[in-house]
Each structure stands twice: as C-alpha cells, then as structure tokens.
Amino acid sequence: MVARFLHWAIRGLVGILMRVRSEGFEHRPANGPYIVVANHLAFWDAPILYALIGGPELSGWAAEKYRYNPVWGTILRMGSGIFIQRGQVDRDALGGAAAWLKQGKVFGIAPEGSRSKTGALARGKSGVAYVAQQSGAPILPMAHFGTEKVLRTWLRLRRPEVFVRMGPPFTLPPLPAGDRSAGLREQADLVMCHIGALLPPEYRGVYADHPQLRRLLADSTNL
C-alpha cells in the first residue's frame with residue numbers, strides 16, 4: 001500500500017508539473033522480471049520513471065548518502081530502493097538487485113551511475129551487465145531527454161516538456177570464456193548503445209560513433 005500511494009502521488013505531481021511525451025510503451029512486458037535501463041540527465045529522470053512504471057514491483061539503486069536523510073531516505077525506502085556505495089563494487093547492492101529480479105519483479109538502473117556532466121551519454125558501468133547475468137532477466141531500454149531543461153523552464157514560468165522513449169526488450173548472451181571483466185564491460189557498452197539508439201544524435205555522447213550503436217540504428221532503419 002505504501003508503494004502504491006507513493007506511485008499515485010508522484011504520478012500526480014509529475015503530471016501537474018510537466019508534460020511528458022512518451023513513445024514505445026507497447027514494448028513494456030506485462031510482467032517481471034525485467035531490468036529497466038535509462039540514461040541520467042537530471043534529478044527529474046527518476047521521478048518520471050517512477051511515475052510511468054512505478055509501484056510495489058519496482059525497485060532501484062539509490063546513493064548511500066541518502067540513506068539517513070529524513071526526507072529522501074524515507075521516500076526511497078517507501079519505494080523499495082536499495083542503497084548502493086558509489087565508486088566501488090558494492091556486492092550487497094548488486095546481490096540485492098539480482099535477488100529482487102529473481103522474485104519476478106522489476107529493477108531500474110541508470111548504468112552511468114550518476115547524472116551526465118555533459119548533457120549526453122557517459123560511459124556506462126558494468127554493474128548492469130553483472131545484474132543481468134546473475135538474474136537472467138531481460139533488459140528494457142528507456143531514454144529521457146528534455147529533463148535537463150526542466151528547472152530553467154520553470155524559472156520562465158512555463159510548464160516543461162520532456163520526452164521518454166522505450167525500446168524493445170533484449171537479453172544479453174552468456175559471457176564468453178576468458179576475461180570476465182572485459183566481457184561485462186563490452187556488455188555494459190551494448191546496453192548503453194540500446195539507450196543511445198532511442199536518443200536524438202546530440203544526446204549520444206561517448207557512444208555516438210560506437211559500432212554497436214551504428215548497427216542498432218541500421219537495423220531499426222531496415223525494419
């Protein structure tokens with residue numbers, strides 16, 4: 001009930017404060033488990049994701065620094081957030097994500113780990129590939145853009161418009177024999193390319209010329 005109330009409240013607030021234009025939500029699976037992966041441009045990305053697909057089935061990582069914050073820590077716990085130590089390999093947080101998915105639920109991950117400093121995609125971290133391999137869950141790519149303009153649009157006393165695109169789910173292949181770390185790194189880049197394929201060119205950042213992204217764009221053009 002707590003998670004349902006939080007979902008209702010955030011969905012209502014987002015609907016009042018901004019216009020969200022969504023595309024591709026027909027790709028969303030009817031049930032979990034699946035991993036939602038998204039880029040991270042601004043604070044507003046997480047509330048929008050929660051407004052669109054939140055509820056008792058959804059969890060995600062939240063920075064450890066918010067654990068004891070009386071406001072954000074409480075909200076994150078209401079939303080079943082799993083706190084993670086950024087900048088290091090947090091085995092408890094990785095295991096918690098995999099365990100949540102093995103219950104048939106949904107886990108949200110921003111593979112970049114923090115907000116983009118450039119306004120475009122930064123290199124994704126390999127934790128997303130690790131969780132996918134441990135859980136066997138498919139990955140549902142999602143892209144936001146326009147969220148980085150929300151605050152300055154409000155300051156002009158206007159209602160901002162943001163865009164959310166969702167792509168078809170996909171599953172990562174088994175890791176090849178050999179260097180496991182390198183394999184996870186390559187798979188994390190593949191996940192980021194799936195996000196990049198949903199973004200306008202100016203948001204693709206370090207993946208703009210990545211061969212996997214070019215392949216995905218070519219495949220979508222040929223459909």
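Mentor: Because the model is predicted, local features need pLDDT of at least 70 and side-chain atom pairs count only at pLDDT 80 or more, while totals for chains, interfaces and linings use all residues. Residues are numbered from 1 along each chain as its sequence is written, and side-chain values use heavy atoms, with hydrogens and water left out.

Trainee: Why is Thr171 called exposed?

Mentor: Exposed means over 50% relative accessible area, buried under 20%, and partly exposed in between, with a 1.4 Å probe and protein chains only. Thr171 has 54% relative accessibility, so Thr171 counts as exposed.

Trainee: Where does Thr171 lie?

Mentor: Thr171 is in the loop between strand 7 (161-166) and helix 7 (180-196). Helices (H or I, at least four residues) and strands (E, at least two) are DSSP runs, numbered from the N terminus. The C-alpha atoms of Thr171 and Gln133 are 9.3 Å apart, and 38 residues separate the two along the chain.

Trainee: What makes strand 3 mostly covered?

Mentor: Of the 6 residues in strand 3 (residues 58-63), 5 are buried.

Trainee: How do you know that strand 3 and strand 5 pair?

Mentor: Two strands pair if DSSP finds at least two bridges between them. Strand 3 and strand 5 (residues 106-109) have 3 bridges, in the parallel sense, so they meet that definition. Ser59 has Phe107 in strand 5 as its bridge partner.

Trainee: How many bridges join strand 3 to strand 4?

Mentor: There are 3 bridges between strand 3 and strand 4 (residues 82-84), and the two run parallel. Ala63 has Ile84 in strand 4 as its bridge partner.

Trainee: What makes strand 4 an edge strand?

Mentor: The open sheet has 7 strands in the order 1-7-6-2-5-3-4, with mixed pairing. Strand 1 (19-23) and strand 4 are the edge strands, since each pairs on one side only. Strand 1 pairs with strand 7 in the parallel sense over 5 bridges, and Arg21 stands opposite Phe163 in strand 7.

Trainee: Which β-α-β unit includes strand 3, and what is its hand?

Mentor: Strand 3, helix 3 (residues 72-78) and strand 4 form a β-α-β unit that is right-handed. The term applies if, with the strands pointing away from the viewer, the path from the first strand over the helix to the second runs clockwise.
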